[in-house]
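Open your viewer and get ready to click along. We will go from one selection to the next and say what is there at each stop.

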Amino acid sequence: MGQTFAIIFGSIFISNIVLAQFLGICPFLGVSKDIKSAVGMGFSVMFVMILSSSITWLVNEFLLVRFDLEYLRTIAFILTIAALVQLLEMFLKKNIPSLYKSMGVYLPLITTNCAILGIALVNIQDGYGLFHTIVNAFANSAGFLLAMVLMAGIRVRLEEAELPESMKGLPIVFFVASSMALAFVGFTGMI
Amino acid sequence: MSLFGELRKGIIAENPLFVQVLGTCPSLAVTTSVDNALGMGVAFSAVLICSNLCISLLRKYVPADIRIPVYIVVIASFVTLVEMIMNAFSPALYSALGIFIPLIVVNCIILGRAEAFAGKNKPLPSIMDGLGMGIGYSIAILLISTIREILGSGSFMGVELFGSNFQPVLVMILPAGAFITMGFLFAAFAFLKNRKAKVKKGEVI
């Protein structure tokens, strides 16, 4: 129980996936222009991350470790994730069109999102069991969702701010991210 | 475009990090010291050049519908090779870069060059393109890491620069420092670009 709580709190706040581990920066910069798409992206990542982390854990445990193929981990994981996202897209399109409508645009982007592969690899490196793998995937994607929503909320306000010409667009987003990262440093040492 | 032109465009005009804004994750994560950035730059360039060559050679045999999975397998194979070589010959660097070596697979620059260039061009221009982009990316992360290491640890490639009285700006090697360095660099490039446009119009000298 204690470890589960430590994983959840640690992954959301202390080593936030975006602001401390630098995974998933591309969607963090690209899809955070308004809150609605930030939330859509956040939940899509959560869904795919939990699913792909558990499946890659199974692949690792029952294929790679059993047949001494651990050196193929990178290839096996990226193929698993790519195939999973493709299947998910087809499944949602056919069976749950309403969900596909809100999530569909983000799915192809998620295949090459380093957060998904990154967390899948971290789970194996840290030696988590299946339950803690799922917990860790959930907590990390919740941290991603939190960072996305905070950033989108700030960016909506920034639209109306008068900025120097060179600061408009990406540069100011990096400065905002920097202040957010500093704020999250405050959580260090709580566990 | 000439072969030299293919090489040069990746360094300035189409710099993968500062102009195309691709591959931001590793450029923030591994730039705490110049050594790490150099290792990342070399590993990245090696994968990019090999995958560009391989994909260019395969371009006539890969059906258009399944080209992306094929590209990913090719890239992942080279990343695995680089991972093994680095683990064997430079274990310190391997553990410093950690998870960001396997994550070269999902670096958008490599897949982007495969899709935009190597899948359509002959092998030799593809190698030059990969070399140019690799050098451009390496220069960019070396620039970031130089700023962060000098301010954050007071050293350059591990050599102390300022003597014992220097108080390092610790925040520069924390995540916040990575974001703020990127912010200043992007702002500087935007400033230069805007200024160039104004000079062309004759507004400022």
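Buried area is the accessible area (1.4 Å probe) that two parts lose on being put together, summed over both. With that in hand, select chains A and B together: between them they bury about 3,000 Å², 83% of it on carbon and sulfur atoms.

Before moving on, a note on the model. It is a predicted one, where local features need pLDDT of at least 70 and side-chain atom pairs count only at pLDDT 80 or more, while totals for chains, interfaces and linings use all residues. Residues are numbered from 1 along each chain as its sequence is written, chains are lettered from A and ligands numbered from 1 in the order in which they are written, and side-chain values use heavy atoms, with hydrogens and water left out.

**Stop 1: the interface.** Colour the residues in contact (heavy atoms within 4.5 Å): 36 come from chain B and 33 from chain A. Next, show the side chains of Lys198(B) and Glu165(A), which meet in a salt bridge at 3.9 Å, N to O. The rule for a salt bridge asks for a side-chain nitrogen of Lys or Arg within 4 Å of a carboxyl oxygen of Asp or Glu, and it finds 1 across this interface. Which helix of chain B gives the most to the side that touches chain A? Select α8(B), which supplies 14 residues. Helices here are DSSP runs (H or I, at least four residues) and strands are too (E, at least two), numbered from the N terminus.

**Stop 2: helix α6 of chain B.** Select residues 108-118 of chain B; the buried ones (under 20% relative accessible area; exposed is over 50%, partly exposed in between; 1.4 Å probe, protein chains only) include Ile109(B), Leu111(B), Arg113(B) and Phe117(B).

**Stop 3: Leu161(B).** Go to the loop between β2 (159-160) and α8 (175-201) of chain B, where you will find Leu161(B). Its relative accessibility is 42%, so Leu161(B) counts as partly exposed.

**Stop 4: Ser11(A).** Finish in chain A, on helix α1 (residues 2-14), which holds Ser11(A). Is Ser11(A) buried or exposed? Its relative accessible area is 7%, so Ser11(A) is buried. Leaving aside neighbours within four places in sequence, Ser11(A) is in contact with residues including Ile17(A), Ala139(A) and Asn140(A).
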